[in-house]
Amino acid sequence: MIGTLGRTAIGLAAARMPSVQEILRRALTVFLYHEVSERPSMFSRECGLAVTLRQFTDQVRFITETFNVISMDELLVGQVPPRAALITFDDGSASIFRQAVPILH
């Protein structure tokens with residue numbers, strides 16, 4: 001089974017491959033987060049749905065350097081540039097508001 005480090009390395013390498021770059025240029029990529037927390041709920045922990053604040057910060061940095069992050073409003077009116085991405089959150093856990101939102105501003 002590939003661990004987090006392995007998936008990250010594969011993702012970073014793939015994002016720089018010409019064929020993957022072409023797909024990303026034409027597609028909308030959606031990044032979905034469930035919980036950003038140093039102490040995730042048991043459900044998030046058992047299902048691998050949480051990232052630490054440091055992981056989230058690093059991932060957002062990578063996303064903003066690699067993609068053109070857009071809002072839902074931009075998507076709904078068709079303002080979708082090449083390499084467009086959305087950063088979304090499942091549920092409304094308090095950790096999202098305490099940990100993730102300040103990083104995105």
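Me: Which strand does Val-30 lie in?
Reply: Val-30 sits in a strand that covers residues 28-33. This is a predicted model, by the way. The strand's label is β1.

Me: Is Val-30 buried, partly exposed or exposed?
Reply: Its relative accessibility comes out at 47%. Exposed would need over 50%, and buried would need under 20%. So Val-30 counts as partly exposed.

Me: What is the area of the nonpolar surface patch that includes Val-30?
Reply: Val-30 makes this patch together with Leu-28 and Val-80. The area of the patch is about 220 Å².

Me: How many salt bridges does a search of the whole structure find?
Reply: Asp-58 pairs with Arg-54, and Asp-58 also meets Arg-61 in a salt bridge. For the whole structure, the search gives two.

Me: Why are Asp-58 and Arg-54 separated by about one helical turn, and in which helix?
Reply: The closest N and O atoms of this salt bridge are 3.2 Å apart. Asp-58 and Arg-54 are separated by about one helical turn because they are four residues apart in a helix spanning residues 53-66. That helix is α4.

Me: What is the N to O distance in the salt bridge of Arg-61 and Asp-58?
Reply: Both residues lie in helix α4, three residues apart, which is about one turn. A salt bridge needs the nitrogen within 4 Å of the carboxyl oxygen. Here the N to O value is 3.1 Å.

Technical notes:
Residues are numbered from 1 along each chain as its sequence is written. This is a predicted model: local features need pLDDT of at least 70, side-chain atom pairs count only at pLDDT 80 or more; totals for chains, interfaces and linings use all residues. Side-chain values use heavy atoms; hydrogens and water are left out. Patches are made of residues with over 30% relative accessible area and no salt bridge: like charges are joined within 9 Å, nonpolar side chains (Val, Leu, Ile, Met, Phe, Trp, Tyr) within 5 Å. Accessible areas come from the Shrake-Rupley method with a 1.4 Å probe; for residues, only the protein chains shown count as cover. A salt bridge is a side-chain nitrogen of Lys or Arg within 4 Å of a carboxyl oxygen of Asp or Glu. Helices (H or I, at least four residues) and strands (E, at least two) are DSSP runs, numbered from the N terminus. Buried means under 20% relative accessible area, exposed over 50%, partly exposed in between (1.4 Å probe, protein chains only).
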